[in-house]
Structure formats: structure tokens, C-alpha cells
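Thanks for coming, everyone; I would like to take you through one model this morning, beginning with a single residue and then moving out to the interface.

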Number of protein chains: 2
Amino acid sequence: MPVPDRKGLNIVSLDVKDVRFPTSLGGHGSDALHTDPNYSCAYVTITTESGRQGFGLTFTCGRGTEVIVFCIRTMKRFVLNKNAADIFADFGGFWRTLTNDSQMRWIGPEKGVAHLAVAAILNALWDLWARLENKPLWRLLVDLEPEELVSTIDFRYITDVVTKEEAIQMLKSKRAGVQERVKILEQKGYPAYTTQVGWLGYSDEVLASLCAKYLALSFTHFKVKVGLNLQDDLRRCSAVRKYIGDDKFLMVDANQAWSVDEAIKWMKALAPLKPMWIEEPTSPDDVLGHATISKALKPYGIGVATGEMCANRVMFKQFLQSGGVQYCQIDSARIGGVNEILAVYLMAWKLNVSVCPHAGGVGLCEMVQHLQMWDFASLSGTMEGRLVEYVDQQHEHFVDPCVVENARYMAPKMPGYSTEFIPGTLEKFAYPRGSEWQRMFNEGIFPLPDEAELVNP
Amino acid sequence: MPVPDRKGLNIVSLDVKDVRFPTSLGGHGSDALHTDPNYSCAYVTITTESGRQGFGLTFTCGRGTEVIVFCIRTMKRFVLNKNAADIFADFGGFWRTLTNDSQMRWIGPEKGVAHLAVAAILNALWDLWARLENKPLWRLLVDLEPEELVSTIDFRYITDVVTKEEAIQMLKSKRAGVQERVKILEQKGYPAYTTQVGWLGYSDEVLASLCAKYLALSFTHFKVKVGLNLQDDLRRCSAVRKYIGDDKFLMVDANQAWSVDEAIKWMKALAPLKPMWIEEPTSPDDVLGHATISKALKPYGIGVATGEMCANRVMFKQFLQSGGVQYCQIDSARIGGVNEILAVYLMAWKLNVSVCPHAGGVGLCEMVQHLQMWDFASLSGTMEGRLVEYVDQQHEHFVDPCVVENARYMAPKMPGYSTEFIPGTLEKFAYPRGSEWQRMFNEGIFPLPDEAELVNP
């Protein structure tokens with residue numbers, strides 16, 4: 001097991017910052033339910049005795065980030081003074097400590113604020129591990145022996161779909177050819193699709209120019225936000241279909257706007273435009289609702305996609321079991337870190353559902369590319385019917401930003417999980433004390449922060 | 001609509017306290033996953049311009065309460081300077097404002113910390129409304145016209161089971177006989193069962209003496225915690241069955257200890273002791289798992305019960321739709337207040353599942369009795385197959401504690417939702433600054449609080 005020597009790896013600090021970008025000013029990221037997001041994150045820095053660091057984050061939409069930050073501060077009790085090498089040697093056990101403290105689990109369990117906080121901490125730990133191994137995270141994952149990789153996962157509540165032993169066998173059966181697939185990734189990268197063309201807040205002119213731009217960049221799959229007004233959706237989707245032509249792919253995303261019946265009715269109306277999938281048609285908690293919608297839309301060739309707000313592996317398990325999703329959209333920062341996401345990949349592969357990760361926001365593209373590349377090299381062995389979402393926002397804040405060329409994510413090369421901010425980002429965008437926020441408060445662009453938002457350092 | 005005059009009802013303050021009781025010292029409340037709970041709550045006091053007050057809480061288990069308290073502080077922005085009469089006049093609309101802020105919903109939505117915070121705030125508002133009407137909450141609910149009651153509910157995502165119009169019709173069809181049923185409640189109360197006999201932390205001697213005590217108190221239904229060790233469970237359940245006899249009812253509660261397959265196997269082993277239900281056999285998120293367990297245990301006459309950790313009405317909807325629960329255990333402080341719980345009652349009635357509320361903890365008995373009494377008077381019209389959990393703990397802290405006589409909850413008479421603490425409780429048990437906590441820290445009974453626990457006032 002490539003677990004580093006314990007020496008110097010006692011964790012001596014866990015720092016967390018509320019970081020927000022004023023994306024609502026441009027209508028970027030606007031959808032049916034999130035009309036004015038300020039793309040944000042809770043940003044964790046873990047430091048060991050020897051000065052080694054890991055960086056991790058969970059994505060948020062502005063208000064409420066302060067609650068995640070506060071929750072992470074309360075979770076320091078589970079991390080400080082632990083040795084990072086001990087954590088990696090029994091990562092599954094540590095995962096359960098963090099997610100199932102006998103008192104604290106009541107405020108989850110494994111969902112909402114507490115689980116978003118856990119995700120940021122775990123992402124920082126995985127970043128640290130990959131840095132200690134001097135590898136990009138996807139290579140660390142690929143290089144772990146099946147038994148080692150599986151030891152990081154808590155299989156509680158998912159053994160009816162996949163057991164630890166089965167997972168090891170599945171991974172072992174794919175060891176042949178791993179190095180060839182690694183070479184393919186290093187040479188050609190992994191397919192991406194764009195969500196840039198159709199945010200609800202964009203005008204028709206912006207939409208047209210973005211279609212032209214992303215076609216020129218070789219994209220073949222285009223996602224459009226829908227769900228507020230059917231006539232408007234028909235007009236915008238027709239326009240996109242006309243711009244991209246019949247040989248390209250259109251996906252639509254309702255961001256939870258509909259009831260089950262509305263979703264079916266609305267999508268039947270959009271069916272002539274041949275969308276490949278409808279994403280988040282209804283409540284992210286409604287497994288049976290998604291199954292009903294999937295069944296109703298199957299004759300129209302429309303699949304159902306969801307996952308960015310799926311609370312944990314138990315919910316993913318049911319979406320996969322029930323036929324409720326045809327495209328499983330894991331998110332790198334909502335469920336409990338790489339550990340739990342690996343469990344979802346294993347279940348999706350077992351149940352024959354394609355994983356097409358959610359990305360965008362802050363750092364989600366940077367992280368999720370690592371996971372999908374591991375899947376190609378070590379588990380599914382295929383890119384067939386699989387793409388990673390790409391949104392061209394907030395990458396400039398990262399030391400190792402994702403690189404998308406010819407509509408493909410290029411394999412990361414730097415050690416770590418691509419989660420470190422460049423110098424200056426915290427100074428400018430830490431909320432509410434960063435210099436950019438102070439300027440915007442002074443100029444009246446945003447209202448002053450609430451009392452509670454001032455509590456976190 | 002009995003909405004009070006707006007005069008003086010501007011909300012001028014929302015105070016919230018972290019309140020903890022050292023119940024772990026006695027093993028009270030211990031179960032398979034919660035081995036050392038300190039029964040706690042986030043306690044909200046809302047005050048209007050005219051000095052009228054409402055009190056509300058959400059139950060917690062100790063560590064983590066500080067996160068709920070902090071989240072409630074951030075939610076002041078949605079409550080302060082609103083007029084309470086306006087809130088009650090469009091309570092469904094206000095509910096959506098509180099639960100679905102366009103930025104903040106990302107950290108839920110409608111689950112975990114954020115939803116527990118919402119529950120405490122809404123419980124305080126309902127308490128205020130009932131006090132303004134000078135009625136116990138259950139009478140306020142009974143006296144609302146069907147249209148008025150239903151206007152407090154957000155039907156988003158549940159219209160595939162019950163629509164607003166259907167709900168109004170269901171309630172209207174039960175208006176005849178309401179006053180007779182109110183009289184029955186006032187004279188005879190509502191049946192309770194006891195969980196006092198079988199906490200995992202109790203010795204066999206304590207168990208025996210508690211069985212004798214609760215038999216003498218006329219209880220007919222006894223619940224025992226199981227799930228850590230099958231041999232131990234067989235011994236303890238056999239003992240309880242022997243003490244209570246074959247004419248009484250035994251329920252068992254695994255508090256999420258098992259996988260789906262384990263649950264079935266374990267319960268088949270306990271089946272000869274004729275348990276009426278198995279509560280929380282597996283993950284509280286696993287609808288399909290519960291449905292599988294229900295189906296497997298049906299031939300043994302064992303029903304499945306769950307709900308105390310069910311995240312919201314959408315999850316309840318699926319448990320009810322799937323046949324995953326035969327006993328629907330609403331909790332008065334986890335999902336979004338009375339508003340959302342009413343929606344669950346409506347769905348349960350429509351789908352013919354009995355509601356047997358979860359209670360215990362801090363204030364849960366006090367609150368949930370009101371809801372179940374409303375159900376009897378206004379919706380189901382029956383007590384058949386229905387009981388409210390009763391745990392004899394922490395009632396002494398309430399101004400209007402629940403009263404259980406002859407194993408029946410007596411109908412509350414005081415105005416409000418029975419949620420107000422007596423003077424002194426906050427002074428003693430506010431965490432970490434209350435006098436009892438200071439004493440216990442000084443005596444080394446509990447470790448000193450963490451930095452984050454000191455942040456909240």
C-alpha cells in the first residue's frame with residue numbers, strides 16, 4: 001500500500017475559508033431554481049507537522065456557505081492531531097468516524113451541511129495523499145491495488161448491490177490493459193460537453209454567439225437550462241438545435257423545477273427537438289418519481305440524468321436500482337469525498353449505468369476529471385456514452401486548472417487533486433473580508449453581510 | 001381565517017440557544033448507533049413588537065447542536081422584521097421562502113442541518129400562532145377550515161400522491177363528527193406506547209423492573225432496542241416477552257444498524273417472539289431497501305416502521321408509495337415544521353398507512369401529541385392501529401409537559417405548542433455556559449467544549 005511514512009505527518013492545522021465569487025452579476029449559472037447564484041466554496045487547507053499541505057473544497061451558491069464553514073470548524077475535532085498516514089492506512093474507518101460520530105450523525109446523517117463539510121475535508125486529505133505520492137490524484141487511484149482502493153470505501157448499506165469482495169474482483173478483472181488506457185488518457189484526454197450555451201439568464205444573442213463559439217471549439221454535446229416557461233424553452237431549444245444541427249447532441253436541464261407529471265408533459269412537448277437527456281426533472285430525493293419519468297420518456301428516446309444534489313451513496317444506489325437514471329451524474333463535492341464517489345462508480349458499473357459527472361461551479365471540473373479518468377483506466381474501461389460536463393468559469397483561480405482542448409479534458413499532470421487556489425484568490429474573494437468584497441460593499445453592488453457571516457474567521 | 005391582527009406583530013427578535021442535558025451519564029437513549037447521546041436541542045424564542053412570544057425547538061444528540069444553532073442564526077434574515085400575521089396568512093409561501101432561498105437551498109435542499117434549523121423556527125411560529133389564538137395547537141389545527149389548513153402546506157413534489165384540492169376534499173369529508181372526536185380526546189386522551197424498558201445501555205435488572213413498572217401503568221405496547229448482538233437481543237426480547245405476556249405487544253428498534261439482507265435474517269431469528277414491528281432496520285434513506293424488508297417480513301406478521309430520520313415529505317412520499325413502511329413515524333422536529341408534517345399525514349391517509357409518531361428526546365412528546373390529536377379529530381377519525389411513542393425523560397423542563405395517564409396522552413389545554421422551557425432550564429443547561437455544564441466541566445465529568453462550540457452566544 002502506498003501509504004507514506006508517518007514521520008512529520010501529524011495534522012497540526014485545518015484552516016477553512018468562506019470564498020465567494022460575484023457570478024450573479026452576469027447571470028452565469030442561473031437556472032430554474034437558482035436564479036442568482038454567487039458561485040462559492042468552503043475552502044479547506046490541511047497542514048502537517050512537516051509543512052506538507054492538502055487543499056479541498058465543497059461548492060456552494062453564496063448564502064449558506066458560512067454554515068458549511070462553521071460545520072467544518074466543528075469537525076476539526078475529528079482531524080487535528082491525527083496522523084495522515086494512519087488515516088490513509090484505514091481510510092474507510094476514518095470515513096466512518098467523520099460521517100457517523102455517535103452524537104453528531106443526528107444532524108445528517110450523511111446529507112446536507114454535514115456531508116458537504118465532510119466532502120471538503122476529505123477532498124483536502126486526498127489532495128494531500130496524492131501530493132505525498134507525487135502523483136495527480138487519478139494516477140494515485142489507478143496505481144492503488146484493488147484491495148487498497150476498496151479499503152477506502154465504507155460499504156455499509158450498499159452490500160445488496162456490491163460487496164467489498166465483488167468490488168475487488170471487478171477491479172482485478174480490469175487490471176489487464178490499464179497501462180494502455182492510461183496512455184490513451186495522457187495522449188487524447190476525455191470527452192467533455194458544454195453547459196455554457198444555455199443558462200436561463202442569457203439573452204438569445206448571447207446564446208447564438210456561444211453556440212458558434214463552442215461549435216468552433218469542436219464540442220458535439222450542448223446543454224440548455226429549461227423549466228420556467230415552456231414557450232421560452234421551445235424557442236431557446238429550437239434555436240440551439242438549429243445552430244448545432246441534427247448530428248450534434250442536445251441535453252436539457254430543469255434543475256428540479258417540476259412535479260413528476262409536469263416533467264413528463266413538458267418533456268413530451270420538447271421531444272421533437274430530440275434531447276438526449278432531461279437532467280433533474282424533479283426533486284433530487286424522488287427516486288420513484290425519476291423511475292416513473294424514465295419509463296414515460298423511454299419511448300421518446302430521452303434518458304433521465306441526475307446526481308449533483310443526490311445526498312449520498314444510498315440515494316445513488318436506489319436511483320441506479322430503480323431504473324430512475326440512465327446517466328449518473330456524480331458530483332465531486334457533495335457526497336462524502338472520493339471514498340464515497342468510488343462506491344457510486346462501482347454500483348453504476350455493476351448495474352450498467354453510464355457515469356457522466358456533474359461539473360462547473362468552483363473547482364468541480366478540476367476535481368471530477370480525475371475520477372472519470374480513473375473510471376476509464378481501472379473500472380469501466382470505456383468512454384462509450386460517457387462525457388464530463390464542462391463550464392468555463394472560475395478556472396483562473398486554480399494553480400492547476402483543468403485544460404479542455406478539442407472538447408476533451410486533458411489528463412492532469414501536477415501532483416494532487418487540482419484543488420489549490422492561486423495566491424491572491426483568498427485575499428480578494430474571501431467573504432466578507434476579501435478586498436474585492438470590501439470594494440463591492442463600498443460601491444453598493446452587494447448588501448453588507450449578516451452578523452452570522454462575520455463569525456467565521 | 002383566524003389570522004390575528006397585524007398590529008404589534010412585527011417580529012423584532014429571534015433568539016436561539018444550544019441546550020444540552022447530560023443523558024449519556026445514565027445510558028438513557030442509547031441504541032445501536034447512538035451509544036452516548038446527550039439529549040439536546042436548538043431552542044428558538046421569537047418575540048414580536050408587542051412582546052408576544054413563540055417558542056420552538058429541534059431535537060439533537062449533543063455534538064453538532066452548535067451547527068444547528070449557527071444555521072438558525074443565519075436564517076434570521078428570513079424572519080426578522082416580517083409581520084407574524086402576514087406569515088400566517090400565507091404560511092405555505094413563507095415556508096418556501098425559508099426552505100428554498102435561491103442560494104441557500106444548495107446546502108440542503110430540505111434536509112440535514114438546514115431543515116432541522118427550519119423546523120425549530122417553524123415550531124416557534126406555530127407556537128406563537130396558537131398562543132395568539134389562545135388555544136393549544138391541536139385545537140387551532142382542528143378549528144382551521146380545510147382551505148385554511150391546506151394553505152400552510154407546500155405541495156411541490158407531492159402532487160402525484162395528493163393535490164391541494166384533494167386534500168381539501170379529504171378534510172371536508174371529515175368535518176362531520178369533529179366535535180364528538182374533540183370530546184373523546186378531551187375525556188380519554190390518545191394511546192401511548194413505552195420505549196422506556198429496553199435501551200441498549202440498560203442492565204437486565206433495570207429492564208425487569210421497568211417492565212413491571214410500565215405494566216402497572218397500564219401500558220400494552222413495549223419497545224426494545226436491538227441490533228448490536230443477536231444473542232443479546234434474543235435474550236433481552238425473550239425476557240420482555242415473558243414479563244409482558246402474549247397478550248401485550250412487543251416492538252423492536254434497530255436504529256439503522258443493518259444492511260438489507262442482515263435485517264431480514266436478524267428479524268427472522270427474532271420472529272418467534274412475535275414483534276409487531278421492526279423500526280429503522282437499515283439506512284433511513286433506503287426506500288427500496290425498506291420495501292424489500294417489508295415484503296420479506298410480511299409472512300411473519302412483522303411490519304416495518306421508520307420516519308424519525310426521514311429527511312422530508314418527498315422521502316416520506318416514497319416510503320408510503322413503495323410499501324416500505326406499515327407504520328409511518330413522523331417526527332415533530334426533523335422535517336419542516338407542522339406545515340410539512342401535515343402533508344405527510346395527508347399522504348399517509350390517502351395511501352392507507354397508519355401514523356405512529358416518533359417521540360422522546362427533548363420536547364418531541366410535548367409537540368407530537370398535538371399533531372396526532374389533530375389527525376384523529378380532523379383527518380383519519382380513528383385511533384385504530386395508531387399509538388404515540390412515550391419516553392419519560394426531560395418533561396420536567398417544560399411549562400406544559402405532556403401528561404400520560406393509564407398509558408394515554410391527555411389532551412393539552414394550555415395555549416401554544418407545549419414548547420416553552422421553565423425558568424431556570426436555560427440558566428442551567430445552556431451549553432457550554434450554563435451553570436450545570438460549568439459545574440460538570442469543573443468536576444471533570446465532561447471535557448471542555450471545542451472552540452466552535454463557544455462561538456454561539
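Leaving aside residues up to four places away in sequence, B:E340 touches B:W95, B:E110, B:H115, B:N312, B:R313 and B:I335, where contact means heavy atoms within 4.5 Å. This is a predicted model, in which local features need pLDDT of at least 70 and side-chain atom pairs count only at pLDDT 80 or more, while totals for chains, interfaces and linings use all residues. Residues are numbered from 1 along each chain as its sequence is written, chains are lettered from A and ligands numbered from 1 in the order in which they are written, and side-chain values use heavy atoms, with hydrogens and water left out.

B:E340 counts as buried because its relative accessibility is 1%, buried being under 20% relative accessible area, exposed over 50% and partly exposed in between, with a 1.4 Å probe and protein chains only.

Turning to the interface, 69 residues of chain A are in contact with 69 residues of chain B. The residues on the side of chain A that touches chain B divide into 27 nonpolar, 22 polar and 20 charged, where Ala, Val, Leu, Ile, Met, Phe, Trp, Tyr, Cys and Pro count as nonpolar, Asp, Glu, Lys and Arg as charged, and the others, Gly among them, as polar.

How many salt bridges does the rule find across the interface of chain A and chain B? The rule finds 16, each a side-chain nitrogen of Lys or Arg within 4 Å of a carboxyl oxygen of Asp or Glu. One of them links B:R63 with A:D101, whose closest N and O atoms are 2.9 Å apart.
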